[in-house]
Amino acid sequence: MASPAGKGLVAYNAAISRCSRAALHRRALELFAEMRARGLRADEYTLPPILNSAALLRVPPGEFHGLLLRAGLAAHLHVANALVDAYAKLSRLGAARALFDEMPRRDVVTWTSLVTGLARAGSHGSAVRVYRDMVSSGISPDEFAVAAVLSSCAGSTALEMGRTVHAAAVQSGHEPFLSVGNSLVSMYAKTGSLRDARTVFDAMRARCAITWTALIVGYAQNGRGRESLAVYAEMIRSGCRPDYVTFVGLLFACSHAGLVDAGRAHFRSMQSEHGVAPGPDHYACMVDLLGRAGRLDEAVELLDRSPAELDATVWKALLAACRTHRNATLAERAAEMVWRLDPTDAVPYVMLSNLYSRARRWADVARVRALMKSRGISKEPGCSWVEVSGVTHVFHAEDIDHPRTAEIYRKVAEMTARIRARGYLPDTEWALQDEAPEGREKGLAHHGERLAVAFGLLAVPASAPIRVYKNLRVCGDCHTAIKMVAAVYGREIILRDSNCFHHIKDGDCSCGDYW
């Protein structure tokens, strides 16, 4: 774009604004520097597009913040909004919040900038709280705020809040917006409500690759991989082009359904038929697919001939497969690769330790834990949670902090007795401590997910499913026990771990014990 040389501030403002809207962000900043070199002072029309371009280029807004303060432009609402948005886009959430709190006036743009920034940064609980404050203050959310808070409802597993936002979106006429529809499909799928996700999807007037991908991934994560493949076929027939993320969801679906041949075929078709170059995420899915099927040699061969630069995710997928099939030699190689790529990642230590624990190689367990400690690495503590009447109840292993602890432990004892009567025998290979069998069995019975299920039996109405969320992968013994609990008590239990959803009813699980 030609420089507005010889012209005044109005011409520069117009040129900067056009560049910012056209995503010519570097050119916008060049024009801004040229304008200032000519002695022209920025006004309230200069700074919003410049702040937007700077943020999208990851340029800290401090210089612009100081400039607008010196020029007395902070009183202009649209300038302050642009500054909040810039800090939020750069994940400078403390600065964005401080500026927001100081503003004497706020409008829907101010609130939306903060909500979307928090959601984008993964501060989902904060995003939901700000959205609630926005509604309480009498500001009607726009479609951008609605889409952002729905993504945070998905990220924080706040299904009931998501339903509330959905109802409000219908009343305010925001449901037809494509971004809102996409967020609704994703929110329902990520909270285990596939029927609702499909209902929203079917009602949408327009769809894009994001819409189709959200449903493909949703079916995959909820143990319905064949439906994922059917939706993908429907997507292709509709003329919508799959993208990088679509294939991640599709290969994930093949992996979790054990569809090795279909996974290979879709992996080959990416580049040849759709022009999508496989990346580390796709290789991780293929390693997971082959590893689950016990084809570790084929997985290693695939990685050895990969033209893509592999990241730690790929090697962690191989490490997980090694843990499943107890291949310690290959697991050690995979762990070394993860350490080389990301020395601070706790996952390889934990996976190796678990593999050694199941093999009763306690000296190796101690060695790995000592190495982890010497390097200052700490693992993420496991926890499970249940939401009842809008309140989230969190449980750790051996937890005694809940107000109803005594009732919960009595219910755990009752659960254990009833499933034992049906033939349950604890699989103490999943107990990761070197102790007597009685202690190992007790430790398993008091895992966080078991305590959460016990609380669910006490607090969730019999007509509703018990929804338990876990930040780590559920252990094999808990998976078996919870399936039996669901059958004995005649309850539907929906357990989401870090890997997928487990829809458990009548003693069966949607994962088919293949997770």
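Does threonine 157 count as buried or exposed, and at what relative accessibility? At 3% relative accessibility, threonine 157 counts as buried, where buried means under 20% relative accessible area, exposed over 50%, and partly exposed in between, with a 1.4 Å probe and protein chains only. The model is predicted, so local features need pLDDT of at least 70 and side-chain atom pairs count only at pLDDT 80 or more, while totals for chains, interfaces and linings use all residues. Residues are numbered from 1 along each chain as its sequence is written, and side-chain values use heavy atoms, with hydrogens and water left out. 

**Two loop residues with positive phi.** Threonine 157 is found in the loop between helix 9 (143-155) and helix 10 (159-172); helices (H or I, at least four residues) and strands (E, at least two) are DSSP runs, numbered from the N terminus. Phi of this threonine is near 55°, a positive value in a residue other than glycine. Arginine 326 also is not a glycine and has a positive phi, of about 55°. The loop that holds arginine 326 runs between helix 19 (312-325) and helix 20 (328-341). With 43% relative accessibility, arginine 326 counts as partly exposed.

**Helix packing.** Helix 13 (residues 209-221) packs against helix 14 (residues 225-238) at an angle of about 165°, and their axes are 7 Å apart. Axes are lines fitted to C-alpha atoms, for helices over the stretch in contact, and angles run from 0 to 180 degrees between N-to-C directions. Helix 13 is therefore roughly antiparallel to helix 14 (angles under 35 degrees count as roughly parallel, over 145 as roughly antiparallel, 65 to 115 as roughly perpendicular and the rest as oblique). The contact (heavy atoms within 4.5 Å) includes Trp212, Leu215 and Tyr219 of helix 13 and Val231, Tyr232 and Met235 of helix 14. The residues of this contact of helix 13 with helix 14 divide into nine nonpolar, three polar and two charged. Here Ala, Val, Leu, Ile, Met, Phe, Trp, Tyr, Cys and Pro count as nonpolar, Asp, Glu, Lys and Arg as charged, and the others, Gly among them, as polar.

Helix 18 (residues 296-304) and helix 19 pack at an angle of about 165°, with axes 11 Å apart. This angle makes helix 18 roughly antiparallel to helix 19. Leu296, Ala299, Val300 and Leu303 of helix 18 meet Val314, Trp315, Leu318, Ala321, Cys322 and His325 of helix 19. By class, the contact of helix 18 with helix 19 has nine nonpolar residues, one polar and no charged ones.

Six strands form an open sheet in the order 2-1-3-4-5-6, with mixed pairing; two strands pair if DSSP finds at least two bridges between them. Strand 2 and strand 6 (508-509) stand at the edges, each with a single partner strand, so one side of each has no neighbour in the sheet. Strand 1 (residues 384-388) and strand 2 (residues 391-395) pair in the antiparallel sense over five bridges, and valine 388 stands opposite valine 391 in strand 2. These two strands form a hairpin with two residues between them, and serine 389 in the turn has a positive phi of about 55°. Strand 3 (residues 466-470) and strand 4 (residues 493-496) run parallel and are joined by four bridges. Tyrosine 469 stands opposite arginine 496 in strand 4. Helix 25 (residues 448-459) lies across strand 1, strand 2, strand 3 and strand 4, running at about 15° to strand 1.
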